[in-house]
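Have a look at the picture first, then read on.

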Amino acid sequence: MKYKVSLLPESRKKQINARNTIAKIKAVSFSILAVLLAFAVVVVLVTLYANNKLKEVKELDQECITEIEKLSSYRDIHAALQQRVELFEKIQVNEPLLYQFIYDWSKIDHPGVSVQTIDCVNWKTDRLCTITGTCDSRSQYLDYEEALKKIEGVTSVSCVNYQSNVGAGEGALATFTVSISVSGGVAVVETTTPATTEATTAAQ
């Protein structure tokens, strides 16, 4: 068995031991600092990565918000256009066309009857047409009235005025005024308030 015997003074031994202890502490401290530094670097890198991803998400979120706002405005425009289309279709369906009525009226065979005026000024609101003219006899007027009733869409034909033998002598003619009412037609299609609804109902 071998033994190591130091011949150094006790004070010198203490200095060496103290130096070795400090060296060990420094080594441990450096190790701890290296670990902390590596951890700090990892934290910084992770933070930068997270911030970068967060920025990308915020940008994407802003793009989505912008697109949603655009789509919302397009939806409002589409709704407004759809309302106009529906209104147009209702008017087209419900309102009899004046030119069609005039065309059907022009095809009537009315011997002995001469039309002087035809008034359809309030067609859109009243769907009324007033005709004035002359005829040779009462029977000719009645035949003309029956022919008017056969026009498609006509709901009523009423004699407003009839005067026979206007003037004197041979060839005196009878004058008449007849009012024609046609179905369909709506003055106001869309209503928003009770007052407007009542006014529309009254107009119809």
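## Starting at Ile180

Leaving out neighbours within four places in sequence, Ile180 is in contact (heavy atoms within 4.5 Å) with Phe101, Arg127, Leu128, Cys129, Ile131, Leu148, Val154, Ser156 and Val157. Keep this residue in mind, as it comes back further down.

Before going on, a word on what you're looking at: this is a predicted model, where local features need pLDDT of at least 70, side-chain atom pairs count only at pLDDT 80 or more, and totals for chains, interfaces and linings use all residues. Residues are numbered from 1 along each chain as its sequence is written, and side-chain values use heavy atoms, with hydrogens and water left out.

The predictor gives each residue a confidence called pLDDT, from 0 to 100. The protein averages 77, and 76% of the residues score at least 70. Helix H4 (residues 138-149) has the highest confidence, with a mean of 91, while helix H5 (residues 194-203) has the lowest, at 41.

Residues 187-204 have a pLDDT below 50, and this stretch makes 15 contacts in the model beyond near neighbours in sequence. Where pLDDT is low, the predicted coordinates should not be read in detail.

## The overall layout

How many helices and strands does the protein have? There are five helices and four strands, taken from DSSP runs (helices are H or I with at least four residues, strands are E with at least two, and both are numbered from the N terminus). Reading from the N terminus, the order is α-α-β-α-β-α-β-β-α.

Now for contacts between residues at least 6 apart in sequence: 55% of them join residues at least 24 apart. The protein exposes about 15500 Å², and carbon and sulfur atoms supply 60% of that; the areas come from the Shrake-Rupley method with a 1.4 Å probe, and for residues only the protein chains shown count as cover. Of the 204 residues, 16% are buried (under 20% relative accessible area; over 50% is exposed, in between is partly exposed, with a 1.4 Å probe and protein chains only).

## The nonpolar core

A nonpolar core is a set of buried Ala, Val, Leu, Ile, Met, Phe, Trp, Tyr and Cys residues joined through side-chain atoms within 4.5 Å. Which residues touch the most other members of the largest one? They are Phe101, Tyr144, Leu148 and Ile180, out of 20 residues in that core. Helix H2 (98-106), strand S2 (128-135), H4, strand S3 (154-166) and strand S4 (173-182) each supply at least two residues of this core. S4 brings the largest share, with five residues.

## Rings that pair up

The whole structure holds three aromatic pairs. Here, rings of Phe, Tyr and Trp (its six-membered ring) pair if their centres lie within 6.5 Å; planes under 30 degrees apart are stacked, over 60 edge-to-face, and the rest tilted. Tyr141 and Tyr162 form a tilted pair, 5.5 Å centre to centre with 45° between the planes. Tyr141 lies in helix H4 and Tyr162 in strand S3, so this pair ties together parts that are 21 residues apart in sequence.

Tyr144 and Phe176 are also a pair: their ring centres are 5.9 Å apart and their planes are at 55°, so the pair is tilted. Because Tyr144 lies in helix H4 and Phe176 in strand S4, the pair ties together parts 32 residues apart in sequence. Tyr144 is buried, at 1% relative accessible area, and Phe176 is buried at 2%. Ring pairs link Tyr141, Tyr144, Tyr162 and Phe176 into a cluster.

Is Asp143 buried or exposed? Asp143, found in helix H4, counts as exposed at 55% relative accessibility. Its C-alpha atom is 9.2 Å from that of Pro111, 32 residues away along the chain. Asp104 sits in helix H2 and counts as buried at 16% relative accessibility.

Thr177 belongs to strand S4 and is buried, with a relative accessible area of 17%. Thr177 and Asn161 are 16 residues apart in sequence, yet 4.9 Å apart in space, C-alpha to C-alpha.
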